[in-house]
Amino acid sequence: AVVWDILSSPTAPPNLTSPPLAEFRGHKEHIYSLAWDPADPARFVTASQDKTLRVWDARERAGKAVAVIRADAEIFSCAVHPTEGIVATCTTANSTAFYDPRALPSSSSSSSATVVRRQPPR
């Protein structure tokens, strides 16, 4: 994921040819979805074709995920609850899951998160 400051000049269109503020690396395939955490503006999550959900801290300029949650299928969408920090995902296997990434150890880079609830495909 690459982050630019598009608000630095509110009257000009975004300049995506300028150097980005930060690059966050780790996914091995395409990123399908990105969601910012409304309760923590420095935290965001990305969902990918590589079957992982990655939790990032925008303050960490090293560009590595602070947590990686592995799924059984490609994750094509993610959303963060506005106040609770729970992350909802849906996959190409027609399943949904709710994760609490806060339950991960702070140094985790490849753990599975606590699944709060999983809806299997019918």
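Colleague: How many salt bridges does the structure hold?

Modeller: The structure holds 3 salt bridges, a salt bridge being a side-chain nitrogen of Lys or Arg within 4 Å of a carboxyl oxygen of Asp or Glu. This is a predicted model, in which local features need pLDDT of at least 70, side-chain atom pairs count only at pLDDT 80 or more, and totals for chains, interfaces and linings use all residues. Residues are numbered from 1 along each chain as its sequence is written, and side-chain values use heavy atoms, with hydrogens and water left out.

Colleague: What makes Arg25 and Glu23 a salt bridge?

Modeller: The N to O distance between the side chains of Arg25 and Glu23 is 2.5 Å, so the pair meets the 4 Å limit.

Colleague: Why is Arg25 called exposed, and Glu23 partly exposed?

Modeller: Buried means under 20% relative accessible area, exposed over 50%, and partly exposed in between (1.4 Å probe, protein chains only). Arg25 has 59% relative accessibility and therefore counts as exposed. Glu23 has a relative accessible area of 36%, so Glu23 is partly exposed.

Colleague: What makes Asp37 and Arg43 a salt bridge, and are these residues buried or exposed?

Modeller: The closest N and O atoms of Asp37 and Arg43 are 2.7 Å apart, so this pair also qualifies. Asp37 is buried, because its relative accessible area is 5%. Arg43 is at 12% relative accessibility and so counts as buried.

Colleague: How do you know that Asp57 and Arg59 form a salt bridge, and which class does each residue fall into?

Modeller: For Asp57 and Arg59 the closest N and O atoms lie 2.9 Å apart, so the distance is within the cut-off. Asp57 has a relative accessible area of 16% and is therefore buried. Arg59 reaches 55% relative accessibility, so Arg59 counts as exposed.

Colleague: How many helices and strands does the chain have?

Modeller: There are 0 helices and 10 strands. Both are DSSP runs numbered from the N terminus, helices (H or I) having at least four residues and strands (E) at least two. The pattern along the sequence is β-β-β-β-β-β-β-β-β-β.

Colleague: How do you know that strand 3 and strand 4 pair?

Modeller: Strand 3 (residues 31-37) and strand 4 run antiparallel and are joined by 6 bridges. Two strands pair if DSSP finds at least two bridges between them, so these two qualify. A hairpin through 2 residues connects strand 3 to strand 4.

Colleague: Why is Thr52 called buried, and where is it found?

Modeller: Thr52 has a relative accessible area of 3%, so it is buried. Thr52 is found in strand 5, residues 52-57.

Colleague: What makes the Thr52 and Arg54 pair a polar contact?

Modeller: The side chains of Thr52 and Arg54 come to 3.3 Å. A polar contact is a pair of N or O atoms within 3.5 Å; within protein, one must be able to donate a hydrogen and the other to accept it, and residues adjacent in sequence count only if both atoms are side-chain atoms.

Colleague: Which residues does Thr52 touch?

Modeller: Not counting residues up to four places away in sequence, Thr52 touches His27, Thr46, Ala47, Val68, Ile69, Arg70 and Ile75. Contact means heavy atoms within 4.5 Å.

Colleague: Which residues touch the most other members of the largest nonpolar core?

Modeller: They are Val45, Leu53, Cys78, Val87 and Tyr99, in a core of 14 residues. Strand 4 (40-48), strand 5, strand 6 (67-70), strand 7 (75-80) and strand 9 (96-100) each supply at least two residues of this core. Strand 7 gives the most, with 3 residues. A second, separate core has 7 residues, including Phe24, Phe44, Trp56 and Ala58. A nonpolar core is a set of buried Ala, Val, Leu, Ile, Met, Phe, Trp, Tyr and Cys residues joined through side-chain atoms within 4.5 Å.

Colleague: Where does Lys51 lie, and why is it called partly exposed?

Modeller: Lys51 is in the loop between strand 4 and strand 5. Lys51 counts as partly exposed because its relative accessibility is 39%. Its phi is near 70 degrees, a positive value in a residue other than glycine.

Colleague: Why is Asn94 called exposed?

Modeller: Asn94 is at 64% relative accessibility, so it counts as exposed. Asn94 lies in the loop between strand 8 (87-91) and strand 9, and has a positive phi of about 60 degrees although it is not a glycine.
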